Amino acid sequence: MKRNRIVLLLWIVVAVGAIATGRELLYNLWYLLTALLVVSFGWAWSGVRWVQVERYARPSRSQVGKLAEERFVVHNKGLVPKLWLEVRDASNMPQHYVSRVISPLGARKVHTWTVKTHCQQRGRFRLGPLTLTSGDPFGMFKTSRQVDELRENTFIVYPATVDVPAFAPPIGFLPGGDTMRRRTHYVTTNVAGVRDYAPGDSFNRIHWPSTARTGRLISKEFELDPTADVWLFLDLDRTAQAELVWARLATQRETRLPWESVPDLTLVPSTVEYGVTITASLAKHFLARDRAVGFIAYSHNREVIPADRGERQLTKILETLAVIRAEGRIPLAEIIAAEGSHLGRNTTAVIVTATHQSFWIASIRDVTRRGVKAIAVLVDPSTFGHPRSNEALATDLAISGIPTYLVREGDDLAQALARPFAQSVVPV
């Protein structure tokens, strides 16, 4: 700092003058400056010592459109009050403003505050580390200390999901399918047999006639329902994406009054973000209806989540979608050809893509000939700044008998996924 350099230079000049002249006044002034420097440095050094910082993220994950909340506790355990204490946060979560200056912080005192952030971007973000900075009352020294007791934590923001109760193929399109001789821990309508009771079996799994006949507890075993799995394909080919400039983060207010409501959900104007949100919403939609849902995407690596049911499966899909990026180099046609060969008869494949190229239609037709049902959700890239549109592609798919949904930038996803494009195609 410039101020302590001036004082240090003055200290040297006074010391030289005192030694050269031997005047008592200069010696006293030199003693005073020496005491000032020592006390100031000691005060600044102690300003970041004997301070305990606690950080609580509750919970450690949130979702786009919802709030992320953290609580901070700063405890001065020393006997010396802190004139001012700066807490600086190195988190990379957008708009997560944690850093602040506490002035003053008395001896044995505690300061707490809560930070609530409106999540606008999905991803895995770093929380911390925290750095404490303080100084002396004269502003000559400033010291910093990284809070080592708080290791860096990660905070996951899941993609947004919308309720799409109207998204459904025609009646009889999904139900049915070949019987699956596959045991499951879920309670279904298909009883496969009985076995001895095991600790943890629920009360409704007990088969009472067998229990009465054998004199010991007997539990039922179940098989999966004879319904087809649903596989969600998300096209992450980097050449098929488009994005508009998004200035919301730069213009968003840093603080919000307690009585002000959280703004409505606004997605980043990108085909990738719309595709991710659509995929997450459809996964939630089918899993809520007790469907077995799988997920396939080719990004930097091949991402495959085997078909399963339940809330845990939704968490797996959301965690994958939270960090996935459009870094794929394999065209959608090759992905469908490679992965479609592993899909069983009556399986439903939902393709979410923003491509305007029609090469993949031939691949999806080949897959449907083997009994796989297909649904296409197209994100129109022309509404995101791309020079080409895929509306003609939606028409070709609808004419081929493949249920198709067309989503444009700014659409209400719940409404867009409730109106199949086939309903707007008029035969010539």
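Visitor: Is Val39 buried, partly exposed or exposed?
Guide: In this predicted model, Val39 is found in helix H2. Its relative accessible area is 46%, and since buried means under 20% and exposed means over 50%, a value in between makes Val39 partly exposed.

Visitor: Which residues make the nonpolar surface patch of about 460 Å²?
Guide: Val39 belongs to this patch, and its place in the chain is helix H2. The residues that make the patch are Val39, Trp43, Leu79, Val80 and Leu83.

Visitor: What is the relative accessible area of Leu79, and where does Leu79 lie?
Guide: Leu79 lies in the loop between strand S3 (67-76) and strand S4 (85-89). Leaving aside residues up to four places away in sequence, Leu79 touches Ala107 and Arg108. Exposed means over 50% relative accessible area, so Leu79 counts as exposed, with a value of 69%.

Visitor: How far apart in space are Leu79 and Trp50?
Guide: Along the sequence, Leu79 and Trp50 are separated by 29 residues. In space, taken from C-alpha to C-alpha, the distance between Leu79 and Trp50 is 8.9 Å.

Visitor: How many aromatic pairs are there?
Guide: Two rings count as a pair if their centres lie within 6.5 Å. By this rule the number of aromatic pairs is 8.

Visitor: Why is the pair of Phe41 and Phe141 edge-to-face?
Guide: Planes over 60 degrees apart count as edge-to-face. The ring centres of Phe41 and Phe141 are 5.6 Å apart and their planes stand at 85 degrees, so this pair is edge-to-face. Phe41 lies in helix H2 (residues 24-46) and Phe141 in the loop between strand S8 (130-135) and strand S9 (142-146), so the pair ties together parts that are 100 residues apart in sequence. Phe41 itself, at 45% relative accessibility, counts as partly exposed.

Visitor: How many residues apart in sequence are the parts that Tyr274 and Phe384 tie together?
Guide: Tyr274 and Phe384 form an edge-to-face aromatic pair, with 5.0 Å from centre to centre and 80 degrees between the planes. Tyr274 is buried, and Phe384 is buried too. Because Tyr274 lies in helix H5 (residues 271-288) and Phe384 in the loop between strand S18 (373-379) and helix H9 (391-399), the parts they tie together are apart in sequence by 110 residues.

Visitor: Is Thr277 buried or exposed, and which residues does Thr277 touch?
Guide: Thr277 has its place in helix H5. Its relative accessible area is 2%, and buried means under 20%, so Thr277 is buried. Not counting residues up to four places away in sequence, Thr277 touches Ala160, Leu267 and Leu413.

Visitor: What arc do the buried residues of helix H7 cover around the axis?
Guide: The buried residues of helix H7 (residues 332-340) are Leu332, Ala333, Ile335, Ile336, Glu339 and Gly340. They are on the same side of H7, because the arc they cover around the axis is only 165 degrees.

Visitor: Which helix is part of what covers the buried residues of H7?
Guide: The cover includes strand S14 (230-234), strand S15 (293-298), strand S16 (302-308) and strand S17 (348-353). The helix included in the cover is H8 (359-369).

Visitor: What share of the residues in the protein is buried?
Guide: The protein has 10 helices and 19 strands. Of its 428 residues, the buried ones make up 45%.

Notes
Residues are numbered from 1 along each chain as its sequence is written. This is a predicted model: local features need pLDDT of at least 70, side-chain atom pairs count only at pLDDT 80 or more; totals for chains, interfaces and linings use all residues. Side-chain values use heavy atoms; hydrogens and water are left out. Rings of Phe, Tyr and Trp (its six-membered ring) pair if their centres lie within 6.5 Å; planes under 30 degrees apart count as stacked, over 60 as edge-to-face and the rest as tilted. Helices (H or I, at least four residues) and strands (E, at least two) are DSSP runs, numbered from the N terminus. Buried means under 20% relative accessible area, exposed over 50%, partly exposed in between (1.4 Å probe, protein chains only). Patches are made of residues with over 30% relative accessible area and no salt bridge: like charges are joined within 9 Å, nonpolar side chains (Val, Leu, Ile, Met, Phe, Trp, Tyr) within 5 Å. Accessible areas come from the Shrake-Rupley method with a 1.4 Å probe; for residues, only the protein chains shown count as cover. A salt bridge is a side-chain nitrogen of Lys or Arg within 4 Å of a carboxyl oxygen of Asp or Glu. The arc is that of the directions from the helix axis to the C-beta atoms. Contact means heavy atoms within 4.5 Å.
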